[in-house]
Amino acid sequence: MKFNYFNIYVGLILTSACLVSMQSCKPKTAQAATRGDASKSFVAPGKYDEFYNIVSGGFNGQVAVYGIPSGRLFRIIPVFSQSPESGYGFSEETKPMLNTSHGFVPWDDQHHIALSQTKGEHDGRWAFANGNNTPRIARIDLSTFRTSEILEIPNSAGNHASPFITENSEYVVAATRFSIPFDDQNGDVPINTYKQNFKGSISFVSVNPTSGEMNIAFQIRTPGVNFDLSRAGKGKSHGWFFFSCYNSEKANTLLEVNASAKDKDFVLAVNWKKAEEYVKAGKAKKQAVKYAHNIYNEKTHTASSTIQTEVVVLDPADCPEMMYMIPCPKSPHGTDVDPTGEYIVASGKLAASIPVFSFTKLQKAIADRAFDGVYDGITVIKYEAALHGEVVKPGLGPLHTEFDGKGNAYTSMFVSSEIVKWRLSDLEVLDRVDTYYAIGHLSVPGGPTAKPHGKYMIAYNKMTKDRYLPTGPELTQSAQLYDISGEKMKLILDFPTTGEPHYAEALPAALIQDKQMKIYKIEENTHAYVSKGEGQAKVERNGNQVHVWMTAIRSHLTPDNIEGVKLGDEVYFHVTNLEQDWDVPHGFAIKGANNAEILIMPGETQTLKWVADRTGIFPFYCTDFCSALHQEMSGYLRVSPVGSDVALHFSTGTNKPVVSTNSETASGSGSKN
Ligand code: K7E
Ligand code: CUA
């Protein structure tokens, strides 16, 4: 290797400045970063990508789907946030998905993705996503790319160490970032009683192997630390879970300083098989809580939200040998388990080295009782007893580690803006490559599984100053694609991302591309307000509610003339898309609606609520350019004053004068005349 001493010198000055501020530094070789073999990322028009990349959206509350290696954006899946594009969270059917014990919460902060696994490998069934702010886990169906389920997590306040998954999708976990008084305690306590009153929790959420449905199997009450990240054991360490935590100081103010006081924090190792035994043996105590469980039904095209009222909680004091603390320098962020399950890599943000723990040594340390005291009732393992070794001087600000399945690890360095490749066996640093800039997570397709596809690596960067055309005060975040098939990592592509991605997982396209849902069969539609043909279109009044059974097919809406709606009426447009062809959605929007459009897939029914706030004529129309006559796909609704004698009436394709009648239900003239 050839050294550029000047760069190293400049680098040292830069990096020590960075270290002091803990801000990320722009790499010194920024200009050289433009090199890279972009042809390796080229996917010709009409050709498919090799991998689907499922990427967290951060503060947009959504999940994005990109192709790898092209970096092309295919879809943004609304998960925790309302989406005006699809009507998710705006339509009557999808609003319950965003229900919580706090009521309707149409946003969250989405950080981590976990793809379902069977025998340690991706099985292409579901993607799980965490909501960080109002603690929730969502399940996305990878045959529809839609959110199927959202489960709220009680006794939690910041669902950050989530939703990491076990090797057969037995559980996804949820450990709280913020410790708090538990939900059944009086939380109205002075904040500076943190040490007495604040507790952490870890939730084990079971995943039904057939339906994917999630349920909180049990929770563990933990010391009042901040949990950050997690990984399940695999292979030989299957049955264990590892959680990084910081703030072992239990500070409640100025954490920047006070949670960094100690030299070491911890990785918490939880033997969840043992926890299961304790639950079976009746050690878990029932606790009254409140949390929402929301499920979307693909046949009724309607979500339901149920408030659950109980969890069972294990207290470590009742459960000897269920968990251990492993000391870990210093404010660890990621804790990542290698493909064999032997090595647990903890990235201390403020540490000068990366400790790598050995599962075999951990087991031996437990057997030999190589302990180093007790932290808040939890046995602490001797650091050296569990340690495989330390990666020395890897870089500054290590955050996350992924693996290539060839015995190598790749760690992101936030402060020094680089990725460092090192060998698991002897902890030798093998290569380093710059990122632009301030890398957070990184992702190797299959990286967290037992069989990574060690061909590409994607970096998720927080800053892009001078990397793209500027866009005002806010610049895009970006991903960078590296070729890791050889000894040296090679940058091959930059692409902007949406939201602020944290973690992402990629899986081979072949696992899911042929099992995509193309249409919803109209004969299987059991929506309460479906119209399975234009003949079933109608309008009915029920008090001040007017229900419109509407159909959409290229290129008209039925009915398209509606009269007899009165000022103040709540009008529900239940629109069924009668198409049975792939990729022919119709949209529906009406002037003055206080929500968004709805976008209805073939065979699906969705409902837009609209309130008549003034008299007059209101056009409505299809919002998706569905045919050459899409602009003609429209209609009118007339609103009359309260007490007017305009009868409820609907029609399509007729222009008969309105028949004045006092009947509350319109005798529609139908669409076939
Ligand atoms: Cu961004 Cu995984 Cu929330 Cu690290 S976390 S970057
Ligand atoms: Cu239907 Cu445009």
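User: How do you know that strand E2 and E3 pair, and in which sense do they run?

Analyst: This is a predicted model, and everything below is computed from it. Two strands pair if there are at least two bridges between them. Strand E2 (residues 62-68) is joined to E3 by 5 bridges, so the two count as paired, and they run antiparallel. Within this pairing, Ala64 stands opposite Ile76 in E3.

User: What makes strand E3 and strand E33 edge strands?

Analyst: The open sheet has 4 strands in the order E3-E2-E1-E33, with antiparallel pairing. Strand E3 (73-78) and strand E33 (504-508) each pair on one side only, and that makes them the edges. From one strand to the next, the twist averages 20 degrees.

User: Why is E19 said to be largely enclosed by the rest of the structure?

Analyst: Buried means under 20% relative accessible area. In E19, 6 of the 6 residues are buried, so the strand is largely enclosed.

User: What makes E19 and strand E20 a pair, and what lies between them?

Analyst: E19 and strand E20 (residues 343-348) are antiparallel and share 4 bridges; the cut-off is at least two. Asp336 stands opposite Val345 in E20. The two strands form a hairpin with 5 residues between them, and Gly341 in the turn has a positive phi of about 85 degrees.

User: Why are the buried residues of helix H5 said to line one face?

Analyst: The buried residues of helix H5 (residues 359-367) are Phe359, Leu362, Ala365 and Ile366. Seen down the axis of H5, they fall within an arc of 115 degrees, so they line one face of the helix. An α-helix has 3.6 residues a turn, so residues three or four places apart point the same way. The face of H5 turned away from the buried side carries Lys364 and Ala367, which are exposed.

User: What makes a space a cavity, and how many of 30 Å³ or more are there?

Analyst: A cavity is a set of points where a 1.4 Å probe fits but cannot get out. The structure holds 2 cavities of 30 Å³ or more. The largest cavity contains about 140 Å³ of space. It is lined by 19 residues, and the closest to its centre are Gln117, Ile165, Arg231, Ala232 and Pro448. Strand E6 (113-118), strand E13 (226-232), strand E19 (332-337) and strand E25 (398-403) are the elements that give two or more residues to this lining. By type, the lining of the largest cavity divides into 8 nonpolar, 5 polar and 6 charged residues.

User: What volume does the second largest pocket have, and which strand gives the most to its lining?

Analyst: A pocket, in contrast to a cavity, is an open set of points. The volume of the second largest pocket is about 1400 Å³. E3 gives the most to its lining, with 5 residues. Of the 44 lining residues, the closest to the centre are Phe74, Arg75, Thr144, Phe145 and Gln516.

User: How do you know whether Pro585 is buried or exposed?

Analyst: Its relative accessible area is 9%, which is under 20%, so Pro585 is buried. Pro585 lies in the loop between strand E38 (570-577) and strand E39 (586-590).

Notes. Residues numbered from 1 in each chain as written. Chains lettered and ligands numbered in written order. Predicted model: local features only at pLDDT ≥ 70, side-chain atom pairs only at ≥ 80, totals over all residues. Heavy atoms only, no water. 1 Å grid on protein atoms, 1.4 Å probe; cavity = no way out; pocket = protein on both sides within 12 Å on 5 of 7 lines; lining within 4 Å. Points joined across faces, edges and corners; volume = space filled by probe spheres on them. Nonpolar A, V, L, I, M, F, W, Y, C, P; charged D, E, K, R; others polar. Axes fitted to C-alpha atoms, helices over the stretch in contact; angles between N-to-C directions. Buried < 20%, exposed > 50% of the residue type's maximum accessible area, 1.4 Å probe, protein only. Arc of directions from axis to C-beta.
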